[in-house]
Amino acid sequence: MALRTLITRKALRPVPIGFRGLQTFSLPDLAYGYGDLEPAISGEIMQIHHQKHHQAYITNYNKSLEQLDAAISKGDASAVVKLQAAIKFNGGGHVNHSIFWKNLAPISEGGGEPPKSTLAMAIDNNFGSLEALIQKMNAEGAALQGSGWVWLGLDKEFKRLVIATTANQDPLVTVGPNLVPLLGIDVWEHAYYLQYKNVRPDYLKNIWKVINWKYASEVFEKENP
Ligand SMILES: [Fe+2]
């Protein structure tokens, strides 16, 4: 009885936020070298993109999370709300780039090899062919104004593939809560400008030579059993 009362009281007691330990994030390693995607994407772009741009999103995300933790501890509702934009932008940048690196692979390791099995069938059913899918994603990526991403996603609710774009660093889940990203292409200028200058369509044309369809297939099969 006494023990039970003690456990119940302990479970109901709020855990002081300052004591829970804040999870922060760090830059994930790439599974390949910076120059291994050449000539489709230069080593210089890959290095700056990973070490500078992705790192900056992580640094700022962690900073925002620490500020959020402090704001919650103080019960500062206004500060909690004020931090949401920075969390969405920098956290989205970390989420999106973490997927993007996995979406790429050197040609010697299967980059550009068309998908097989169930994902290949789903692409044919939804878009007619892989070539049609690529053309549609390239058209949407080229037409996207400003900075953002073009995605191939799985709609888990309707069990179909979708193409979508997001602005800035919005992750695909902001388009719909049931959307799972299979493939995301970064169309920010920092992803191509050093090599392709203003010609985004050439970058989009060439990136398919190093797309890691194996990763997209694994996610598809896991999320669509
Ligand atoms: Fe990027």
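**Iron site, pocket and fold of a predicted model**

Gly 141 is buried, its relative accessible area being 0%, where buried stands for under 20% relative accessible area, exposed for over 50% and partly exposed for what lies in between (1.4 Å probe, protein chains only). The structure is a predicted model, in which local features need pLDDT of at least 70 and side-chain atom pairs count only at pLDDT 80 or more, while totals for chains, interfaces and linings use all residues. Residues are numbered from 1 along each chain as its sequence is written, and side-chain values use heavy atoms, with hydrogens and water left out.

Gly 141 belongs to helix 6 (residues 130-143), and its C-alpha atom is separated by 8.0 Å from that of Ile 185, a residue 44 positions away along the chain. Helices (H or I, at least four residues) and strands (E, at least two) are here DSSP runs, numbered from the N terminus. Counted in this way, the chain has nine helices and three strands, and from the N terminus on its elements follow the order α-α-α-α-α-α-β-β-β-α-α-α. The C-alpha trace spans about 70 × 40 × 30 Å along its principal axes, and of the 225 residues in the chain, 44% are buried.

An iron ion is held by four protein donors, namely His 49 (NE2), His 97 (NE2), Asp 186 (OD) and His 190 (NE2), at 1.9 to 2.1 Å from the ion. Donors are N, O and S atoms within 2.8 Å of the metal (3.2 Å for Na, K and Ca), and sites may look incomplete because water is not among the atoms. The angles among the four donor atoms run from 92 to 133°, and the site is tetrahedral, a label given to four donors if all angles lie between 85 and 135 degrees. Along the sequence, the donor residues show the spacing H-x47-H-x88-D-x3-H.

The largest pocket has a volume of about 430 Å³. On a 1 Å grid over the protein atoms alone, a pocket is an open set of points with protein on both sides within 12 Å along at least five of seven lines, and lining residues have an atom within 4 Å of a point. The lining of this pocket comprises 25 residues, and those nearest its centre are Ala 105, Asn 212, Trp 213, Lys 214 and Tyr 215. Helix 4 and helix 9 (213-223) each supply at least two lining residues, and helix 9 gives the most, with six. Domain 1 (43-105) and domain 2 (109-222) each contribute at least three residues to the lining, the domain bounds coming from an automatic or database domain assignment.

Several backbone features were also noted. The peptide bond from Glu 38 to Pro 39 is cis, with omega near 5°, and Pro 39 is found in the loop between helix 1 (2-12) and helix 2 (43-74). Ser 117, although not a glycine, has a positive phi of about 50°; Ser 117 is placed in helix 5 (residues 117-127) and counts as partly exposed because its relative accessibility is 44%. Lys 197, also a residue other than glycine, has a positive phi near 55°. The loop between helix 7 (193-196) and helix 8 (200-207) contains Lys 197, which at 43% relative accessibility counts as partly exposed.

Note on methods: Tetrahedral: all angles 85-135°; square planar, octahedral: opposite > 155°, others 65-115°. 1 Å grid on protein atoms, 1.4 Å probe; cavity = no way out; pocket = protein on both sides within 12 Å on 5 of 7 lines; lining within 4 Å. Points joined across faces, edges and corners; volume = space filled by probe spheres on them.
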